[in-house]
Amino acid sequence: MQRQRVLEVTRFVSVLIVDSRSWPTAEAQHSNMGRSNSTTSRSVPVVLVCLGALLLGNVVIYLYLDSLQQSGDGDPHLTPHGACPPRHFRMANMRNCSPWLECPQMRAEVRKLKMIGQGAVKQVFLSEWKGHKVALSKLSSPEYQEDFLHGLSMLQALQGPHVVVLVGLCSEDHTLVTEYHPLGSLLNLVAVLAQERHHVRDTWQTRLRLALDYVSILHYLHTSPAGTRVMCDSNDLVKTLSQFLLTSDFHLVVNDLDALPEVRAPAGSLVRCGHRELTGEFVAPEQLWPHGDGQPFADELMPGYDEKTDIWKIPDVTSFLMGRVAGGDVVHFHLFQINGECKRRDPHLRPSAMDVLSVYRSVYATMMRDSPGPGASRDML
């Protein structure tokens, strides 16, 4: 679509320039006029050519920036496997969309290879389906059946470029299958980038794109087809990072959706993440017990909160993602103000995820324009 719009504008400007060249000159129309008038008349087409070139340049720049706003930096990962009809999927190495696998197919066609993860809610197995590597998740304990089914319902409702691809589900067996990402969770980022084959990716560009992905996912969850959702499995940095998978092309998809309560602001319905007291500096101030040590924690007395708790955590996650890479200090400099706004104690004064995303995108576009090479990034300070 963007390319088509650029071509249309280019064609228009080209026609304008060509037509200007064919206009009759002043000499042909007013041969009896002086040299001064002829010179002025001959300069008109030249001025129009310059104006046309300037117009074209501005339009191209506008369309580029517009594409960043519409598609998250124009990266193809935002539609990684193309659009499929509802209840269909397509993994990275598939040509066509296929219907979600159901219980009979999952039992007969999905073969477990080895366990690759285990949490309170589910066990995860590297598995194989028709030559494709997939991840099979199975409920760990009946105690967490409600959480498992909630996560499954969220996977179905939120399928899109920001969410891991759902391959199949079987509620009877409490199992689900998703696309397998060999680089694992975002917790592995430092170790992955330290590998020789991936070291070339260890740049501020890659790391800032990951931060863009992270904020894009929050924006999607806060404005999702399933309502305003809050990431409750994010009470510390390690837990937060474990909710995301690192794709082979170094982007993020959210994977763990077992704790995504809905905020219904018009109805005054807020959320509480769990039934235990939360502590530490990573969680937002409104998630802490407000009555001090003098009164024991009681879940029923804990005030609710909204999606702005996710905003509070953005600077800490971004700090981890940027690490100590060359040029990272420049990124932090440009993000200093918006990250400070994210840390406002009053949640009503914090920006929305879309506000943060707009600034992050602007910083990325500006730095890419002014500092295309890694060695020049410090000159921007």
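In which strand is the place of Ile116? Ile116 lies in strand β3 (residues 110-118); strands (E, at least two residues) and helices (H or I, at least four) are DSSP runs, numbered from the N terminus.

This is a predicted model, in which local features need pLDDT of at least 70 and side-chain atom pairs count only at pLDDT 80 or more, while totals for chains, interfaces and linings use all residues. Residues are numbered from 1 along each chain as its sequence is written, and side-chain values use heavy atoms, with hydrogens and water left out.

**Ile116**

With a relative accessible area of 40%, Ile116 is partly exposed. The term covers the range between buried (under 20% relative accessible area) and exposed (over 50%), with a 1.4 Å probe and protein chains only. Not counting residues up to four places away in sequence, Ile116 touches Val124, Phe125, Leu126 and Tyr180; contact means heavy atoms within 4.5 Å. Ala135 is 19 residues from Ile116 in sequence, and their C-alpha atoms are 8.8 Å apart.

Helix α12 (residues 353-370) has 18 residues and should span 26 Å at 1.5 Å a residue, which agrees with the 26 Å between its end C-alpha atoms. The expected span is 1.5 Å times one less than the number of residues. Among the buried residues of α12 are Val356, Tyr360, Val363 and Met367.

The axes of α11 (residues 328-342) and α12 come within 10 Å and cross at roughly 170 degrees. That makes α11 roughly antiparallel to α12, a term for angles over 145 degrees. The residues in this contact divide into 10 nonpolar, 2 polar and no charged. On the α11 side they include Val330, Leu335 and Ile338, and on the α12 side Val359 and Tyr360.

**Salt bridges**

Side chains of opposite charge can pair when their charged atoms come close. A salt bridge here is a side-chain nitrogen of Lys or Arg within 4 Å of a carboxyl oxygen of Asp or Glu, and the count comes to 12. Three of them are listed below.

| Pair | N to O distance |
|---|---|
| Lys122 and Asp258 | 2.6 Å |
| Lys343 and Asp316 | 2.6 Å |
| Arg369 and Asp370 | 2.9 Å |

Lys122, in strand β4 (residues 122-129), and Asp258, in the loop between β10 (252-254) and β11 (262-263), are 136 residues apart. Both Lys122 and Asp258 are buried. Lys343 is partly exposed at 25% relative accessibility, and Asp316 is partly exposed at 28%. Arg369 is exposed at 59%, whereas Asp370 is partly exposed at 40%. Arg107, Glu172 and Asp173 are linked in a network of salt bridges.

Methods: Axes are lines fitted to C-alpha atoms, for helices over the stretch in contact, and angles run from 0 to 180 degrees between N-to-C directions. Angles under 35 degrees count as roughly parallel, over 145 as roughly antiparallel, 65 to 115 as roughly perpendicular and the rest as oblique. Ala, Val, Leu, Ile, Met, Phe, Trp, Tyr, Cys and Pro count as nonpolar, Asp, Glu, Lys and Arg as charged, and the others, Gly among them, as polar.
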